[in-house]
Amino acid sequence: MTLAEKILARASGRDRVAAGEFVVATVDLAMTHDIFAAQVFDHLVDAGITQVFDQEHTVVVMDHLVPPSTEAAAEQHKRIREHVAKFGIENFYEAGSGICHQLLPERGHVWPGMLVVGTDSHTTTHGALGAASTGIGTSEMAYALATGTLWFRVPETIRFDLEGSLDEHVSWKDVVLWIAGRFGSDVAQYRSIEFAGPSASQVSVSSRLTICNMAVEMGAKFGMFAPDEVTADYLENLEHSGVVEGWQQRFAEKRVEADPDASYLAVHRVPLSEIGPQVALPHEVDHVVPVGEAVGTVIQQAFIGSCTNGRLEDLAAAAAVLKGRQVHPGVRLIVAPASRWVFQEALRQGIIQILADAGASMLPAGCGPCFGGHGGLLAAGERCIGTHNRNFVGRMGSAKAEIFLASPETVAASAVAGHIADPRELAGENTPPAAPQRGTREEDIVHATSHQR
Amino acid sequence: MHTLESVNPSFAAEVQAGDVVVAGRDFGCGSSRETAPENLLELGVACVVADSFARLFLRNAVAIGLPVLPCPGASSAFSPGCDIEVDLATGEVRNNDAGTVLHGEPLPESMRRILNAGGMLAILKSDRLETLESLRQEDDGRESG
């Protein structure tokens, strides 16, 4: 059996299941956020249900409207808090804690082998830890919270085998964009994707989260990495930080592997060394080109953040490009860390200082401008390049704006250049002059003249 | 109402109860919201036939009781105003004006039972507590019809 078949078999109490079968499965983890939580709990109240089936594995997160920018949003948050109090929800993350898909792994809620559902398309993210994880609607979430179960059709699986190594300045975001561009936004419709191959072990958990996050943009129901030593190290670190306990036993109990004779609908090779920085052009996620074809496109906004690329690794990659450089005067660079912890750690490591010195504006830990329901919207004719996951028409404000998707390095390089730029070329330029001593006259003069370069 | 506005600005005003929406590839792509199928249901749309559906749209449609039928080739076999007949159980889609028949892929019987029960909330609230397990019969997918 494939990973998806194994997890759905265990979750439905069966020895075996095969693709196409309809099963009723126990849900191991359920998450809803501030766009849908009020509606989900309203459904429960309407059905006369007063408590959730499984407190320990129910998570509610305020991440999209953080902090509320309209009175209606504030009222929505207030209603959610009232429901949280009435239902006694224990795992409630208040506004400012971070994005739902960051908090689930970071706070130790996701474990390998789990069946996870969330009222969000990008719930596929948690396949990074070897969970079968997918998005559902509000009626189904109400059903799952009330009963602890849900129906599923067992999906077929396709596999992407990662081979070779990444070149410098190329990231796993570029790889998943390349895959989307090469194979199309419905290559995995209804299917489970397994990311495997000899180079899978090179991918950090942070980058596995990035890749599995984007699996839904290829139509996937699940996107997964099989748990391995990388996963084990991640869980061990969570225990060292006091976030979880007993990681070794849980890992041993819960990890799943695909059988050597598992049946895959298709297996595709991903030749990593042939992949350079990529850009998804407006207005489809699979409208992907090598960055060279987009270089020179003038932008007005650059965004670093989102559940796709808002983690420490991503902020650090952007900071490596921005260090000693300035954001172009025509560009607004906005940065939203994926969680409070990411922000705090980035502060400790001097990353925020670099971003701030370069001219970035910091947003609270949350979804930020990604979904267009909060700040950072675009006017007609404006262009934004961002590290997020969707560039559909009208997603970030005007239907006449354009959204480009890329890696943190490409976005940072573009923010400096004022147009879409190849991070490899920026890295090749002469190193910028060392920053002047703080508080000296020299610093004042440099700042006054820097925008004239 | 803004339903399908970017495709047809007067869709919401023109659509009549019992009408069928015929769509192309990956219908419903890009959203986890139930309001997408819900709006169609509220406007009286009887079902949606599409070349293919985005996974979560299809799942949400079943969850709220909007019948859907994947039918490759449907988008090129129909134009607005055609007389259409859909058999959700067999997957047959007839263009009565042109006298042609397409064969779609009917949803498995378990999913059609969820639809017929009125969706997931209806099942949740049902006095008989018809559980999902009872909707799933042995050998689902190997049943006839």
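**A covered helix**

Analyst: Helix α14 of chain A (residues 408-417) is mostly covered, with ten of its ten residues buried. Helices are DSSP runs of H or I of at least four residues, strands are runs of E of at least two, and both are numbered from the N terminus. A residue is buried if 20 or more other C-beta atoms, placed from the backbone, lie within 10 Å of its own. This is a predicted model: local features need pLDDT of at least 70, side-chain atom pairs count only at pLDDT 80 or more, and totals for chains, interfaces and linings use all residues. Residues are numbered from 1 along each chain as written, and chains are lettered from A and ligands numbered from 1 in the order written.

User: Which residues of α14(A) are buried?

Analyst: They include Pro408(A), Glu409(A), Thr410(A) and Val411(A).

User: And what comes just after α14(A)?

Analyst: Gly418(A) follows, with a positive phi of about 85 degrees.

User: Changing topic, how many residues of chain B are in contact with chain A?

Analyst: On chain B, 25 residues are in contact with 28 residues of chain A, where contact means C-beta atoms, placed from the backbone, within 7 Å.

User: Which element of chain B gives the most to that side?

Analyst: α3(B) does, with six residues.

User: How many helices and strands does chain B have?

Analyst: Chain B has seven helices and six strands. Of its 145 residues, 39% are buried.

Methods
Two residues are in contact if their C-beta atoms, placed from the backbone, lie within 7 Å. A residue is buried if 20 or more other C-beta atoms lie within 10 Å of its own, exposed if 12 or fewer, and partly exposed in between; C-beta atoms are placed from the backbone.
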